[in-house]
Amino acid sequence: MRVIANPFRQSTHQIALPPETPFPSDDLTAAPRLLARCPSAAATPLLQGDRLAPVAEVHIKDERGRMGLGSFKALGAAYVIACDADAGLAKGRTYVTASAGNHGLSVATGAQVFGAAAVIYIAESVPESFAERLRQTGAEVRREGNIYEDSMAAAQRAAEVNGWQLLSDSSWDGYYDPPHRLMEGYLALMAEVFEQMPDAPTHIFLQAGVGGLAGACAAAARKEWGDAPVITVVEPEAAPALINSIEAGRPVLSEGPVSNMGRLDCKEPSFIALKGLARDADWFCTITEDEAAAQTERLRDAGFATSPSGGAGLAAMMLANSAFGLTDRSRVLCVLSEGPA
């Protein structure tokens, strides 16, 4: 495990980003109202996993059953499309994106519910079983390139050529509005946490790919609980997009092999998430492929079956021992972000 303290936390200096880059939304009211229009909309449970680590309490927000899609990602793109539908814009529109997993399902489902079309680009490394699941949800699936970044470039080109609406879960210079709203959708899970967990945790562990989930949850936690929780962002050693950017003081493209934490295997950070986490996170860390695999087995044996991506935050907590100030009196919050692959 590689660990660094966040030099921007409670500092007068901000990480170097275009000045128009927004912070993540912390509006907890908008998303639940619109998401209630989506199929199977219901709160997910907050489970107890106190035996997973030598701490007082482990609270696990279980997103494995979210809206029947098996992941927190159901809250993101579907919410953006619901907002468009509320404004009379979704019906007949084509949404295009790239996906390594659950984001594509959210786009496809939102499009299906609100009378739109979805085109999803996936890399050659994405399993055909996932491509077929997208097709069954009504999406057109196109393969492009060997890695996620290749398929995203193809989605951007298709949006420009065809006049389609690009709906990425990441953000970059000049592309902010859809991902900002998408991250706002993730706040629905934190609104539920605040009702389910009345006392603030002492520690929060949040896994990250481009950083959307982590950035949204951290922003909400700071608004609700202030400086009290120690927030740690967890990434694969093979995809250290956020931790490397924090060290560099600006967004950087990271390099590394393909990670078995496939949903987190992103080499570039979302600008919005990076700006928010530079303000809100206390620590950044990476875990190795072997560490993730071993802790995923532990989680399965404890009754929390998930993927190496879905359990990465919990894995870091279980590996931490006394790091991050954890003690036998700590109360920890983690997100179990998806079911087993």
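This is a predicted model: local features need pLDDT of at least 70, side-chain atom pairs count only at pLDDT 80 or more; totals for chains, interfaces and linings use all residues.
User: Why are helix 7 and helix 9 called oblique to each other?

Analyst: The axes of helix 7 (residues 212-225) and helix 9 (residues 271-280) come within 9 Å and cross at roughly 40°. Angles under 35 degrees count as roughly parallel and those from 65 to 115 as roughly perpendicular, so the pair is described as oblique. The crossing of helix 7 and helix 9 is also left-handed.

User: What makes the contact of helix 7 with helix 9, and how do its residues divide by class?

Analyst: From helix 7 come Gly 212, Ala 214, Gly 215, Ala 218, Ala 219 and Arg 222, and from helix 9 come Ala 273, Leu 277, Arg 279 and Asp 280. These residues divide into five nonpolar, two polar and three charged, and because Gly is counted among the polar residues, Gly 212 and Gly 215 belong to that class.

User: Why are helix 10 and helix 11 called roughly perpendicular?

Analyst: Helix 10 (residues 289-301) and helix 11 (residues 312-320) pack at an angle of about 95°, with their axes 9 Å apart. Since the range from 65 to 115 degrees counts as roughly perpendicular, helix 10 and helix 11 are therefore given that description. In this contact, Glu 291, Gln 295, Arg 298 and Leu 299 of helix 10 meet Leu 314, Ala 315, Met 318 and Leu 319 of helix 11, and by class the contact has five nonpolar, one polar and two charged residues.

User: Why is strand 9 described as largely enclosed by the rest of the structure?

Analyst: A residue is buried when its relative accessible area is under 20%, and six of the seven residues of strand 9 are buried, so the strand is described as largely enclosed.

User: What makes strand 1 and strand 2 the edge strands of their sheet?

Analyst: Seven strands form this open sheet in the order 1-10-9-8-11-3-2, with mixed pairing, and strand 1 (2-5) and strand 2 (46-48) each pair on one side only. Strand 2 is joined by three bridges to strand 3 (residues 57-62), and the two run antiparallel, with Leu 46 standing opposite Lys 61 in strand 3.

User: Why is one side of strand 6 and of strand 7 left without a neighbour in the sheet?

Analyst: Four strands form an open sheet in the order 6-5-4-7, with parallel pairing. Strand 6 (140-143) and strand 7 (165-166) stand at its edges with a single partner strand each, so one side of each has no neighbour in the sheet. Strand 7 is joined to strand 4 by two bridges, and Val 96 stands opposite Leu 166 in strand 7.

User: How do you know whether Ala 87 is buried or exposed?

Analyst: The relative accessible area of Ala 87 is 53%, and since exposed means over 50%, the residue is called exposed. Ala 87 is placed in the loop between helix 2 (77-86) and strand 4 (94-98), and its C-alpha atom is separated by 32 Å from that of Asp 150, 63 residues apart along the chain.

Key:
Residues are numbered from 1 along each chain as its sequence is written. Side-chain values use heavy atoms; hydrogens and water are left out. Two strands pair if DSSP finds at least two bridges between them. Contact means heavy atoms within 4.5 Å. Axes are lines fitted to C-alpha atoms, for helices over the stretch in contact, and angles run from 0 to 180 degrees between N-to-C directions. Angles under 35 degrees count as roughly parallel, over 145 as roughly antiparallel, 65 to 115 as roughly perpendicular and the rest as oblique. A crossing is left-handed if the near helix is turned anticlockwise from the far one by less than a right angle, and right-handed if clockwise. Buried means under 20% relative accessible area, exposed over 50%, partly exposed in between (1.4 Å probe, protein chains only).
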